[in-house]
Number of protein chains: 2
Amino acid sequence: MNHSQLSNNIIKKSSFLCVGLDTDPRRLPAGMEANEKNVLHFNRVIIEATHKYAAAYKINIAFYEAMGPQGWEVLQETLKFIPDGIFTIADAKRGDIGNTAEQYARAFFEVLNFDAITLNAYMGRDAVAPFLAYSDKWAIVLALTSNPGASDFQYRTDAKGIPLYLSIAHAAADWGSPGQIMLVAGANRTTELNELRAALPQHFFLIPGIGAQGGSLAEVYASASTATGPCMLVNASRSILYASSGPDYAIRAGQEALRLQEEMSNLINQAN
Amino acid sequence: MNHSQLSNNIIKKSSFLCVGLDTDPRRLPAGMEANEKNVLHFNRVIIEATHKYAAAYKINIAFYEAMGPQGWEVLQETLKFIPDGIFTIADAKRGDIGNTAEQYARAFFEVLNFDAITLNAYMGRDAVAPFLAYSDKWAIVLALTSNPGASDFQYRTDAKGIPLYLSIAHAAADWGSPGQIMLVAGANRTTELNELRAALPQHFFLIPGIGAQGGSLAEVYASASTATGPCMLVNASRSILYASSGPDYAIRAGQEALRLQEEMSNLINQAN
């Protein structure tokens, strides 16, 4: 999917919501046994309940790897439930030397056919380049994350006072076009979102940290949107997946996705 | 496996060789079709040919993920061929927020039962902490890698002139004991290996970049060994796996592993 297709889908749906499928077998609704079959069923129901409001799905690979070989089958089957035209992200945070990055690119872009993958750029350009060899596929590079540990190294300034996350953002923008490079920046970092947007006016941002992690959608929109549209995907995982642990989990997940989509629609409309 | 068990195994075998199983189906010996069954067979033969000379095996997860769900089965079966008492490393370079890191720890320490995993610490302490909850399991944190892209961010100095790789090394040493934290540093970085050893006198280093990537074993040993022993694992992957593409591949792999082990043995003996 290219930049204008993604932008058009967002406008058409009035939604820049990314639904995160971080499905933990131990957090399935009450009465549902923790096994692979039920994870797949749960994912199907969640996708059915939310896809009208979602511009993207982000699948957190860790939760599937923790199931062993069957986890990868659940991953493949889950992808089949996502309707065509909805952007798919492998939240994998991979990053390795060139010959290894090529293998990860094969795994996520060829075997699984995701539109995008999250990447850690600590190992530099050759950890990202092999993913850019696939046209209309995206490398989503970690800039500033939403977790407490972000303060350990990401804000570390160089001699000129430039923080590491900003150096990585600039470098990533040099490595690939706004049609292939996206950046991760946390919803709880609105000051830095402003700064990143000023530096990269055309790049999509993938923004986690809404919902369970507590960021405000209106503040995020004010900081990160562009003159031509949202140019972002805002992720919510746990607040949707676990909106209810009862038999109404699908309805409640759909309601939470709708609530976020309506808030996004209002923000888009107010901006126009 | 704890620090003294690993150190004792290294002394007993006179080897700090780590054999990297980065098995690429497209680089199997001539006449062997590129499929999962043959990768497993190849791994078994390589392990049989090299285990007498190896202190550790490092499995590069990317090559298995590129095979899809069956890749994870090959991974599980490959681990069964590694004799007890040999240290096993998942070269996965994972790194994510706490709840996700817990899932990766389950995948690699519980489901697959590796002794250690390589981690990317860009996201900070909470990306590493869940792995340290497992006693006698190891978090191997990327400090300075051997690839060209290492120069993009890893040498970036702060206002005091301290490079990022050294800040990460110091932080990792604060997060866990030398019995759980190991550091990755490239064999082609001998000056920096000296500096890292001075900073962390007791920690094991995992050192890739010998062989196909061109680092010198004698220089590495001079830079990174300690008064009490090697305190390192030096990895070779392609130079062993692909020592021959003919029917003598097992013999040649064994010879290359033996050659490295003998060189290691000489270095250990000279130091005593």
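User: Where does A:Arg156 lie in chain A?

Analyst: This is a predicted model, in which local features need pLDDT of at least 70, side-chain atom pairs count only at pLDDT 80 or more, and totals for chains, interfaces and linings use all residues. Residues are numbered from 1 along each chain as its sequence is written, with chains lettered from A and ligands numbered from 1 in the order in which they are written. Helices are DSSP runs of H or I with at least four residues, strands are runs of E with at least two, and both are numbered from the N terminus. A:Arg156 lies in the loop between α7 and α8 of chain A.

User: Is A:Arg156 buried or exposed?

Analyst: A residue is buried if 20 or more other C-beta atoms, placed from the backbone, lie within 10 Å of its own, exposed if 12 or fewer, and partly exposed in between. A:Arg156 has 20 C-beta neighbours inside 10 Å, so A:Arg156 counts as buried.

User: Which residues of chain B does A:Arg156 touch?

Analyst: Contact means that the C-beta atoms, placed from the backbone, lie within 7 Å. Not counting residues up to four places away in sequence, A:Arg156 touches A:Pro163 and A:Leu164, and in chain B it touches B:Asp158, B:Leu164 and B:Ser167.

User: Which element supplies the largest share of the side of chain A that touches chain B?

Analyst: The contact takes 45 residues from chain A and 46 residues from chain B. On the chain A side, α3, α4, α5, α7 and α8 each supply at least two residues. The largest share, seven residues, comes from α5(A).

Definitions and conventions:
Contact = placed C-beta atoms within 7 Å.
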